Amino acid sequence: MDKTINITLKVWRQRGPQEKGAFQTYQLEGISVDSSFLEMLDILNEKLINEGQEPVVFDHDCREGICGMCSLYVNGHPHGPDEDVTTCQLHMRRFEDGATITIEPWRCGAFPVIKDLIVDRGAYEKILQAGGYVSVNTGGVPDGNAIPIAKPAADEAMDAAACIGCGACAATCKNSSAMLFVAAKVSQLALLPQGKIEAARRAKAMVAKMDELGFGNCTNTGACESECPKSISIEHIAR
């Protein structure tokens, strides 16, 4: 028989960007420890609907740690207390029976709350539009070995490309800096031959857009790296 726990949830509820939000408390009983965190929220919403209450709005898509949409503050940690995982990969076995769990949206001025636990992360898309691409004519499909790339460079570029743009770095930074995100997107291209031509212009344009959108600057405290679900290194910020 599956082990179950009883928990108390303190969930941030906010009807809209201009509304004042507040925490609401809910009780859940008999939650399987094998449930994912989002499955637990599904159970909460079923309970609320059955009671005639409005369900909690939260974001999700793949539930496989790929898309980054399940961005929540759980007990003061972006994506929860586990390391190197997104909220959807967090399981209820991580919490004790009788635990109180506090759930909040990202706290970052550039990510305004849309409703409850969903924030608008469109600012990251605008940063990418400013320069997070390579301007080339695609033409035909080139041979995979036509442009030799050293394995260390390819590995480092792939590590940077692992960034899913979830926003945990900006949400956890005391300055609300998006520098780790920007650095990852700069690095994944600048390390490859195709991205070197526009490397300087790309970095300047993306940083300028980051500043324009209201993100703070980096003071190298390392909180972004420690809370990043994909373990993106702050070494990329130097690049």
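Among contacts between residues at least 6 apart in sequence, what share joins residues at least 24 apart? In this chain the share is 69%, where contact means heavy atoms within 4.5 Å.

**Before selecting anything**

This is a predicted model, in which local features need pLDDT of at least 70 and side-chain atom pairs count only at pLDDT 80 or more, while totals for chains, interfaces and linings use all residues. Residues are numbered from 1 along each chain as its sequence is written, and side-chain values use heavy atoms, with hydrogens and water left out.

**The whole chain**

Show the chain as a cartoon. The secondary structure consists of nine helices and seven strands; these are DSSP runs numbered from the N terminus, with helices being H or I of at least four residues and strands E of at least two. The C-alpha trace spans about 60 × 45 × 35 Å along its principal axes. Of the 239 residues, 45% count as buried. Buried means under 20% relative accessible area, exposed means over 50%, and partly exposed lies in between, with a 1.4 Å probe and protein chains only.

Select residues 100-104, which form strand 5. Four of its five residues are buried. Look for Leu 9, which stands opposite Ile 101 of strand 5.

**The largest nonpolar core**

Select Phe 111, Tyr 124, Ile 127 and Phe 215. Of the 33 residues in the largest nonpolar core, these four touch the most other members. A nonpolar core is a set of buried Ala, Val, Leu, Ile, Met, Phe, Trp, Tyr and Cys residues joined through side-chain atoms within 4.5 Å. Helix 2 (122-131), helix 4, helix 5 and helix 7 each give two or more residues to this core. Helix 5 gives the most, with eight residues. In soluble globular proteins, nonpolar side chains tend to be buried together.

Stay on Phe 111 and show its surroundings. Leaving aside neighbours within four places in sequence, Phe 111 has contacts that include Trp 106, Val 119, Tyr 124, Ala 170 and Phe 215. Apart from this core lies another, of 28 residues, among them Ile 7, Val 11, Val 74 and Ala 99.

Go to Ser 176, in the loop between helix 4 (168-172) and helix 5 (179-190). Is Ser 176 buried or exposed? Ser 176 counts as buried because its relative accessibility is 17%. Beyond its neighbours within four places in sequence, Ser 176 is in contact with Arg 107, Cys 108, Gly 109, Ala 170, Phe 215 and Gly 216.

Select Asn 220, in the loop between helix 7 (199-212) and helix 8 (223-227). Its relative accessibility is 59%, so Asn 220 counts as exposed. Asn 220 is not a glycine, yet its phi is positive, about 55°.

Finish at Ser 231, in the loop between helix 8 and helix 9 (235-238). Ser 231 is also a residue other than glycine with a positive phi, near 55°. With 42% relative accessibility, Ser 231 counts as partly exposed.

Methods:
Two strands pair if DSSP finds at least two bridges between them.
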